[in-house]
Amino acid sequence: MTDTFSYPVTRVAQSRISQVDFDNLRFGAAFADHMFVIDYKDGQWGQGEIMPYGPWTFDPSMAALHYGQAIFEGLKAYKTPQGNVQIFRPQANFERFNESAKRMSMPVVPEEIFMSGLSQLIKVDENWVPSQKGSSLYIRPFMVSTDEFLGVRIAETYRFAIICSPVGQYYSEPLKVKVERTFSRVAEGGSGNAKAAGNYAAAMYPTKLAQDAGFHQLLWTDAATHSFIEESGTMNVMFLIDDTVVTPAVGGTILKGVTRNSVLVLAKDRGMKVDERRVSVEEIVSAAKDGRLKEAFGAGTAATIAPISVIHCDGVDYHLPPIETRTFAPSILKELTEIRTGETADRFGWMVQV
Ligand SMILES: *Cc1c(COP(=O)(O)O)cnc(C)c1O
């Protein structure tokens, strides 16, 4: 990994690792001992450092809290059977982070800072990378505006940080999703292709309504017509119709998922037909009715591959074939997991050793 910079490290006096039950990890609830922090002001990045994970103090007028210039990434580190640590496709997350930064008028983070901070932090906290099956170290790089100023403007000061959390499985059961016909996550021309904090804030209320009605997640549709499928929660969505992998094409309103891309690469590698295009709700409903919709699943870093058992649309539950009978998503998940944990060859050059 590009390890151009070496940052000063202040280590914790006492690790908290013995307080964490690695066999029962709740997503995003426990944090590794250290974090990487670097501040931006006067048009440049200052001195980065690795320090004990802990609270920050900030001014109540801090810009991010009021106007939401805040972006993040999510990626994972895995432990190989030999005990080595490797990170899955960090370059893709780095590039997307800076695309988000540009969309939100935030400064880009130079590659050396992002990559050196990341690899050095993971090295310091390498004991926190779980070796349990299905577990990994979730890595959360993020940036917030830190101006102490209430005028609405592009902020002049920022903080970029990386924190880490050992995680297990995200969803414990197959998902029931509801096609959303009223609310929108984002609209054409908006910030849907940025991993911007505000996108998630606006999605909470409609998601809560769906959860109160017994669904795990929404299947978002396009804001203009609510007739084309976009994505689901923090996952891209994929369908197996007959023998073709069908997924909405990424563009302005759909997040360009790294997991999505990886699944498509693996599917094409198997010689499967992959169709990236607009996907109408009507098409999915009729494929479900005709029995041609063999599988549906979400794909994202946090959830990995999450099978969908029920698609609810306009008052009707469409039950998909039982999870046990499915072959495509489970075998892709197996291959992806084995690449990540080094149990199978990294044919696509996705893994970066720490
Ligand atoms: C992060 C995210 C995804 C999945 O992207 P990955 O790179 O696979 O983690 C999909 N949709 C949204 C809205 C997301 O925030």
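Predicted model: local features only at pLDDT ≥ 70, side-chain atom pairs only at ≥ 80, totals over all residues.
Helices and strands here are DSSP runs, numbered from the N terminus.

Which elements supply at least two residues each to the shell around the ligand? They are strand 12, covering residues 235-241, and helix 5, covering 258-269. Altogether, 15 residues surround the ligand, and the closest are K195, Y200, E231, T259 and T301. If you sort the shell by class, you get 4 nonpolar, 7 polar and 4 charged residues.

K195 has a polar side-chain atom 2.7 Å from an oxygen atom of the ligand. T259 also places a polar side-chain atom 2.7 Å from a ligand oxygen. With E231, look at a nitrogen atom of the ligand instead: an N or O atom in the E231 side chain is 2.4 Å away from that nitrogen. So how much of the ligand does the protein cover? On its own the ligand has 380 Å² of accessible area, and the protein covers 98% of that.

The space it takes up is the second largest pocket.

Next, head over to the largest pocket, whose volume is about 950 Å³. It is lined by 38 residues, and the ones closest to its centre are K133, G134, Q169, L333 and T337. Which of them gives the largest share? That's helix 7, with 7 residues. By class, the lining of this pocket divides into 17 nonpolar, 12 polar and 9 charged residues.

Our last stop is a cavity. A cavity is a space where a 1.4 Å probe fits but cannot get out, while a pocket is open. The structure holds 1 cavity of 30 Å³ or more, and the largest cavity has a volume of about 50 Å³. Its lining is made up of L75, K76, Y78, F88, N93, V258, T301 and R340. Sorted by class, that's 4 nonpolar, 2 polar and 2 charged residues. Strand 5, residues 75-79, gives the most to this lining, with 3 residues.

A couple of names come back along the way. T301 lines the largest cavity and is also one of the residues closest to the ligand.

Definitions and conventions. Residues numbered from 1 in each chain as written. Heavy atoms only, no water. Near = heavy atom within 4 Å. Polar contact = N/O pair within 3.5 Å; in protein donor to acceptor, adjacent residues only side chain to side chain. Areas by Shrake-Rupley, 256 points an atom, 1.4 Å probe, with all protein chains shown as cover. 1 Å grid on protein atoms, 1.4 Å probe; cavity = no way out; pocket = protein on both sides within 12 Å on 5 of 7 lines; lining within 4 Å. Sits in = over half its atoms within 2 Å of the grid points. Helix = DSSP H or I, 4+ residues; strand = E, 2+ residues; numbered from the N terminus. Nonpolar A, V, L, I, M, F, W, Y, C, P; charged D, E, K, R; others polar. Points joined across faces, edges and corners; volume = space filled by probe spheres on them.
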